[in-house]
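Dear colleague,

I am passing on the structure we talked about, and below it you will find my notes on what turned up when I went through it. Please read them with the structure open beside you.

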Amino acid sequence: MKPLRLLALFIIPMGLIIAAVPQNKTKPYKLTAEELLGEVNTRTQYVTPDAVADMIIKKDPSLRLIDVRSQDEFEKFSLPGAINIPATDLLSDQYADILNQDIKMNIFYSNGTLTANEAWMITRQLGFNNNYVLEGGLNYWFDAILNPQKPASTSPDEEFAKYDFRKSAGLALGGGATMQTSQDQSATSSKPVIKPAAKKKKAAGGC
Amino acid sequence: MGPLAINEIISENTNLFLAFIIGIGFGFVLEQSGFSSSRKLAGVFYGYDTVVLKVFFTAAITAMLGLLFFSLFGWIDLKLVYINPTYLTSAIVGGIIMGAGFIMGGYCPGTSFCGASIGKLDAFVFIGGLFIGVFIFGIGYNLWDGMYLAKFLGSPKISETLGLTDGVFAFLLIIMALAMFWVAEWAEKKFPREEY
């Protein structure tokens, strides 16, 4: 048989098969259920509001707050410098470079911790690093940072130190009596430019 | 699972070592198939020998089918496979310069090193020209970087641009390749050359 016919006999059926089957769009999970359960149990994903407030005030360049609530909620209120990635669009390609990177510390937050935790769990299972969750979510943020309660006079000194920090942080972040004015900050927060992550370049093929 | 190096199943060094082994195999097969003769590549242009066209297109189709089937079985994540970004203007200009070089020199960069390894003088001259070209490009980069970087399209896939799935596009490409092979074999009969 002529080589061309032999080739055709082989590659045409292969081509027909590959044209007929659906494309594999599943994303492989990197963590086993046990590994993930271990991380959930040790609560490694949480970052306390105090730590986040400290990073915001110090303008820590590695911090990236990610609001996983809907766009409407994000526009009404968001933390300073936060960007909006609604949990429904989490797997959209345009956010892949933000979520899967080794440089910044991504901190998810939602009103409570449920949606943020869902986002964290999905990204974690995809093998992405450097994603965290704001402990207690925005609700706890309001209580702890923007409206801190003065500890009882019998409390240990650390409690007072924490209270002092929270009070000053709350004032710096527009909390306290002027809690509503913190809306203004969200308006000025600009969305950072999405830079594609540097992919490993390979020597190109060809002849 | 794949790509192996990016998913850290094998180290970067192992990856380079495997590339080295595959490279030696590639060079060996090129030489054994007679690609170290400049007449072979020039023959594609004149129509008397289209082996180069057939070999490289068959290789491309084999790799394409392999990647698509591997992806289907979940053995490789095609999103992690590097695609050269497209700069349309420089792709066209570079294609013309490279094609002219192919016809004049009778080598492509890979086969020229193949020819040099068995001591062909024209291959050495070709490699010399290759480095002169690289040098001129580097020295005069400021003159043509505007054109070099013009019309950046990212890393588009033809199948996405046409709105087809990868599989359907692969099938169409196979049909096109077979038609091209048929024309190539017809050309070999039409423009035979005995003496080379």
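Please keep in mind throughout that this is a predicted model. I begin with the largest nonpolar core, which has 24 residues, and in which Ile66(A), Ile107(A), Phe108(A), Tyr109(A), Ala116(A), Leu134(A) and Ile145(A) touch the most other members. At least two residues of this core come from each of the following elements of chain A: helix H3 (49–57), strand S2 (63–67), strand S4 (105–109), helix H6 (114–125), strand S5 (131–134) and helix H7 (137–146). H7(A) gives the most, with five residues.

Where the two chains meet, 28 residues of chain B are in contact with 21 residues of chain A. On the side of chain B that touches chain A, H3, helix H5 (109–117) and helix H9 (166–190) of chain B each supply at least two residues, and H9(B) gives the most, with 10 residues. By type, the residues on that side of chain B divide into 17 nonpolar, eight polar and three charged.

H3(B) deserves a paragraph to itself. At 1.5 Å a residue, its 22 residues should span 32 Å, and its end C-alpha atoms are 31 Å apart, which agrees. The buried residues of H3(B) are Val52(B), Lys54(B), Ile61(B), Met64(B), Leu65(B), Leu68(B) and Ser71(B), and the buried residues of this helix pack against helix H1 (3–20) of chain A together with helix H2 (38–46) and H9 of chain B. Val51(B) also lies in H3(B), which runs over residues 51–72, but Val51(B) counts as partly exposed because it has 16 C-beta neighbours inside 10 Å. Although Val51(B) and Ala184(B) are 133 residues apart in sequence, their C-alpha atoms are 8.7 Å apart in space. H3(B) is followed by Gly74(B), whose phi is positive, near 80°.

Lastly, there are two residues other than glycine with a positive phi to point out. Asn130(A) has a phi near 65° and is found in the loop between H6 and S5 of chain A; with 16 C-beta neighbours inside 10 Å, Asn130(A) counts as partly exposed. Lys151(B) has a phi near 50° and lies in the loop between helix H7 (141–148) and helix H8 (158–162) of chain B; because Lys151(B) has 12 C-beta neighbours inside 10 Å, this residue counts as exposed.

With best wishes

Terms used: Residues numbered from 1 in each chain as written. Chains lettered and ligands numbered in written order. Predicted model: local features only at pLDDT ≥ 70, side-chain atom pairs only at ≥ 80, totals over all residues. Helix = DSSP H or I, 4+ residues; strand = E, 2+ residues; numbered from the N terminus. Buried ≥ 20, exposed ≤ 12 C-beta atoms within 10 Å, placed from the backbone. Core = buried A, V, L, I, M, F, W, Y, C linked by C-beta atoms within 7 Å. Contact = placed C-beta atoms within 7 Å. Nonpolar A, V, L, I, M, F, W, Y, C, P; charged D, E, K, R; others polar. Expected span 1.5 Å × (residues − 1).
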